[in-house]
Amino acid sequence: MKKYIWLMTAIMMLVLAACGNTEESKTDEESGDASGEKAEMVPYTTDAGEEIEIPKDPQRIVVLASSYFGNLAHLDANVAGVSSDVEGSEVLKPVAEEQGVELLEVGNVEQVMNLDPDLIITFSTDENLDKLKAIAPTIPVQYDKWNYLDIHEEMGRIVGEEEEAKEWVEGFEADLAEDQKAVEEAIGEDASATVIEQYAKDIYVYGTNWGRGTEILYQGLGMEVPEEVQNEVVETGWKSISAEEIGKYAGDFIFVGTGDGGADNAYKDTAVWEGLDAVKNDRVIEFDSPTFYFNDPYSLEHQKDILVDALTK
């Protein structure tokens, strides 16, 4: 009988020990730190004015706003996953591969959850915003609120690399100032530029801060903005136009994106297109749309080299 009681006591002690270990493990998981210490959180104000808390030193960032992947990667942030949009960029795809970042299907919330992020960065227009907030602290970025260089410094603030971000911005601006001198010497100080591309059957013209090299051409190299682009496009960032309207927005130089797989670029076979001064004077410069879509440090440096070379050759 005594042996039986001793055996039952031993079993109960093992069960209690196991329960204790389980609770300890659970506490560690909830804290977000294997050591059991809770990750330090800091306040952050979103573009919409919402006060939230984010990790001071995020360890598993999911970037659904793919425009900012290159910014974070350039700052050596801990990016665990990014929207698969970056796969089309010949610049960013190798960066994602080298850093072992998982590519996520657009809109797939389950994939995001499986990565167990401690911070999510997405666009303010993301239709899954509420679901994402339930997974981890989420920063919804309003794309048109930010200047292309200011957003890099903002990403630096988010991941604690503000000085590194500022240093890159200052260096890039200095390089652009030198490039602007070379470009103006080659084409003059008053040359204007227009950026267009076709997606499916629609033709778009872009403003001064909407990717596609617009930041470099207008803000960096100081090229003139055609009057109608300034009046009708700059404020909204982009505008859909017809083939017959291209001349209305055309500058001395026209930069044409390859568009997507559905773009037939039939507008290039029209009399309107063939009659443009830029076309007749061989001042049409083509660019790869998926690569020029982005305006992060990796992409900007790549685009700058291509555009400056095309304008000064």
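K248 counts as partly exposed, at 40% relative accessibility (buried means under 20% relative accessible area, exposed over 50%, partly exposed in between, with a 1.4 Å probe and protein chains only). Its side chain meets that of E232 in a salt bridge (3.2 Å, N to O), a term for a side-chain nitrogen of Lys or Arg within 4 Å of a carboxyl oxygen of Asp or Glu. This is a predicted model: local features need pLDDT of at least 70, side-chain atom pairs count only at pLDDT 80 or more, and totals for chains, interfaces and linings use all residues. Residues are numbered from 1 along each chain as its sequence is written, and side-chain values use heavy atoms, with hydrogens and water left out.

**Salt bridges**
- E232 lies in helix α9 (residues 227-232) and K248 in helix α10 (residues 246-249), so their pair ties together parts 16 residues apart in sequence; helices here are DSSP runs (H or I, at least four residues), numbered from the N terminus.
- E232 is partly exposed too, with a relative accessible area of 26%.
- By this rule, the count is 14 salt bridges.
- E154, R157 and E162 are linked in a network of them.

**A buried leucine**
- L72 sits in helix α2 (residues 69-74) and is buried, with a relative accessible area of 0%.
- Beyond four places in sequence, its contacts include I61, V63 and M155, where contact means heavy atoms within 4.5 Å.

**Confidence**
- The protein chain has a mean pLDDT of 90; pLDDT is the predictor's confidence in each residue, from 0 to 100.
- Over residues 1-31, pLDDT stays under 50.
- Where pLDDT is low, the predicted coordinates should not be read in detail.

How values were computed:
Helix = DSSP H or I, 4+ residues; strand = E, 2+ residues; numbered from the N terminus.
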